[in-house]
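Open the model in your viewer and keep the sequence panel beside it. The tour goes from one selection to the next and says what is there.

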Amino acid sequence: MTAPPEVGAPRRRTEDARLITGRTRWTDNIQPPGTLHVAFLRSPHAHARIEGVDVGQARDRPGVVAVFTGADLAAEQGLLPCAWPVTEDMKHPDHPPLAVDEVRYVGEPVACVVARDLYTAVDALEEIDVDYAALPAVVDMERAQRGDDGLVHTSLGTNESYRWVFENGDIDAALRDAPVVIERRYVQQRLIPTAMEPRAVLCIPEAGSGGEIGTDEFTVYSATQIPHILRLMLSAVTEIPEHRIRVVAPDVGGGFGSKLQVYGEEVLCLLLARRLGRPVKWTESRSEGNMTVHHGRDQIQRLTLAAERDGRIRGLKVDLLADMGAYLMLVTPGIPILGAFMFNGIYKMDAYSFACTGIFTTKTPTDAYRGAGRPEATYAIERLMDELADELGLDPIEVRRRNWIGHGEFPYETIAGLTYDSGNYEAATEKALALFEYDKLRAEQADRRERRDPVQLGVGVSTFTEMCGLAPSRVLGSLSYGAGGWEHASVRVLPSGKVEVVTGSSPHGQGHATAWAQITADRLGVPFEDVKVLHGDTAVSPKGMDTYGSRSLAVGGIALYGACDKVIDKARKVAAHLLEAAEQDLEFSGGRFSVRGVADEGRTLQEVATAAFAAHDLPDGVEPSLDADSTFDPENFSFPHGTHLCAAEVDTETGMVRLRSYVAVDDVGKVVNPLIVEGQVHGGLAQGIAQALYEEAVYDAEGNLTTTTMADYLVPSAADLPDFTTDRTETPATSNPLGVKGVGEAGTIASTPAVVNAIVDALRPYGVRDVPMPCSPERVWRALREAAGGDAPPPGTAPGAGGGLGSVEGGAR
């Protein structure tokens with residue numbers, strides 16, 4: 001009897017029992033004998049010259065092993081890398097891991113204490129005396145562009161890092177004499193990734209080969225998304241040969257892009273371990289992390305949309321200011337550029353113009369955060385589509401229907417130069433409308449407006465697509481990205497027939513161990529329980545490009561699929577010899593080779609593996625192994641899509657927002673495990689809704705981050721979110737044999753505009769056209785007041801309390 005297929009089965013994640021019961025290894029749990037602990041003294045100024053650092057008293061404290069300043073390590077600490085020079089003339093200032101002459105954001109490290117325990121190290125920081133000469137903070141992007149508050153890097157002569165431009169079609173002609181022109185300015189507020197596990201790193205010096213001088217080796221444990229990239233970059237910065245560094249990403253508690261980075265603390269711990277010959281560990285506190293883990297978003301979007309009177313889009317012009325923060329980190333300048341290819345969304349148009357200017361400020365650097373450029377783009381176009389619908393008196397769904405790419409038009413080359421290979425926006429939207437009871441909610445909305453109910457109902461729409469499976473190396477090369485986008489996998493068939501899978505994609509909560517085992521079990525016809533997945537250790541998995549951009553399944557999973565096919569090809573040779581048959585006469589099904597037409601004559605893969613191991617009777621020239629490697633570099637991105645609908649009740653007297661219902665219908669191609677997909681969608685929705693309603697990293701005029709704790713930076717819990725209704729349509733990708741697309745960022749990309757569109761839709765009768773994110777009760781109330789002229793709230797409303805989380809119904813399933 002053939003076992004049911006694994007791909008598509010809702011298996012519970014096999015790794016979860018171990019993770020949630022704590023029977024695991026986080027970086028901070030690892031404590032080799034003799035471990036030293038490091039603490040960093042961080043700048044209290046957003047911008048200042050370092051006139052002097054006195055560490056004498058700190059060095060004299062009992063338990064302190066060493067104290068270092070930036071000057072002490074200047075000769076060996078190198079410069080932190082930026083791997084994405086988006087333009088030839090991009091300005092890329094030096095970024096030492098430990099500041100030497102000047103600090104440029106609050107939290108930048110200026111000295112470190114190494115001690116026998118963490119508490120001694122932290123206490124000793126108070127004994128370090130730094131003489132700062134304060135310089136002007138540069139906080140506002142638009143003022144920074146003009147140079148009104150001075151320069152972040154005087155040597156550059158400007159606060160502009162680069163200007164990147166993309167144009168297709170005649171945008172001037174599209175805007176000229178257009179019957180409808182909509183101009184808007186939206187702000188993508190700065191966000192803090194807030195992964196469950198703070199950053200942590202442990203560096204262990206190992207004995208070199210033969211004990212020769214200069215041959216020391218190092219094992220680096222890090223809570224990272226990118227063990228392979230980190231290993232290469234650590235070698236480049238420290239000049240320690242790459243083959244003498246082993247990087248291990250043990251169980252990693254989330255990342256959301258924040259651990260797609262090469263941080264100064266990782267470099268410094270490695271250097272300290274080399275200097276002191278002892279294991280060195282650092283784990284950040286939550287408030288320390290809020291200041292220093294790279295931030296996300298932070299863009300000003302200046303948008304112009306031209307359309308015909310029937311709603312057809314003529315052209316879109318986008319002018320972005322993107323806050324780089326004080327320095328360019330690993331892929332900082334490229335993040336807004338990724339969005340350049342998505343501002344057109346799922347829509348057809350005649351012309352498109354995109355320009356992005358990267359701006360330096362005296363704030364924590366920005367870099368990848370869940371969605372990385374695509375949520376910002378989707379927000380802009382989906383907000384504009386609602387504005388267009390309002391201008392024309394059309395239903396928001398109808399104006400989208402008049403512009404989106406029809407399901408019969410795929411593959412479709414977009415105005416942004418990408419080729420969308422498959423999709424069906426009509427099917428996803430119709431299913432979402434039915435689940436949402438769209439017409440019923442519109443009728444209720446009309447009734448509330450007629451009754452002038454102080455609690456108004458808004459309906460928010462967001463239709464989206466995204467480019468994910470970040471991969472095509474040639475495309476990344478054309479964008480000047482510093483690496484390829486391929487992925488590697490190995491399949492090892494053990495003598496007993498059990499299977500080990502080695503993947504270069506390194507998980508931090510996505511469920512690789514389960515999904516990869518399902519793919520392998522199906523392809524090789526072995527029991528799911530017989531597959532073990534290995535990852536996250538450069539000594540075990542020496543090749544890989546790691547995890548980000550929803551690429552794990554669409555790239556890493558396909559590399560695995562290819563390795564399984566190579567195993568079958570190798571096994572076929574051995575099986576044909578054992579069965580005394582020609583290879584072309586063998587069929588492989590359900591993990592068993594049989595001679596075509598002779599069903600009762602065959603060999604299982606396990607039997608073939610045992611025979612290969614024994615090697616007593618192999619064909620001439622055949623190696624005694626079924627192991628196989630595969631590297632996959634797709635020719636195109638993958639393009640999941642979907643329709644998200646949100647119903648929000650907005651109290652016009654208090655500004656309170658309550659999300660009443662939320663429907664998400666996503667198309668992520670072929671689904672390997674629906675439980676994992678649903679979990680990824682739920683998590684993504686939580687983060688997108690959080691941007692719309694709750695989260696914002698706030699700096700004051702002096703450049704101080706005022707949201708350094710979880711009491712100040714509002715992260716919603718399950719109790720603060722509505723129940724989600726989720727469903728799927730399925731249009732397989734044509735770019736890979738599994739037909740998979742990617743799901744890790746979809747919920748985040750789609751949900752933010754759905755929620756804000758719902759809030760604005762509720763308030764349109766009062767003249768409100770926008771509410772800045774996050775849409776707190778205070779901001780909603782102020783938007784109502786400003787729309788009424790600023791003198792008094794609109795009729796039927798009264799000033800209300802501001803601040804705090806909006807009340808929402810239910811909890812996330």
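Start by selecting L79, which lies in the loop between α3 (70–73) and β4 (102–103). Helices (H or I, at least four residues) and strands (E, at least two) are DSSP runs, numbered from the N terminus. Before going on, note that this is a predicted model: local features need pLDDT of at least 70, side-chain atom pairs count only at pLDDT 80 or more, and totals for chains, interfaces and linings use all residues. Residues are numbered from 1 along each chain as its sequence is written, and side-chain values use heavy atoms, with hydrogens and water left out.

L79 is partly exposed, with a relative accessible area of 41%. Here buried means under 20% relative accessible area, exposed over 50%, and partly exposed in between (1.4 Å probe, protein chains only). Now show what surrounds L79: leaving aside its neighbours within four places in sequence, L79 is in contact with D94, H95, P96 and V237. Contact means heavy atoms within 4.5 Å.

Next, select the open sheet of five strands, with the order β7-β15-β14-β13-β8 and mixed pairing. Two strands pair if DSSP finds at least two bridges between them. Which are the edge strands? They are β7 (160–168) and β8 (180–191), and each pairs on one side only. From one strand to the next, the twist averages 10°. Axes are lines fitted to C-alpha atoms, for helices over the stretch in contact, and angles run from 0 to 180 degrees between N-to-C directions.

Stay with β8, which runs antiparallel to β13 (residues 296–307) and is joined to β13 by 11 bridges.

Now select C203, which is buried, with a relative accessible area of 0%. C468 also counts as buried, at 0% relative accessibility. How many disulfides does a search of the whole structure find? The search finds zero, a disulfide being a pair of cysteine sulfur atoms within 2.5 Å. For C203, the nearest cysteine sulfur, that of C269, is 5.3 Å away.

Last, select D651 in strand β26 (residues 641–651). Leaving aside its neighbours within four places in sequence, D651 is in contact with P454, V455 and M656.
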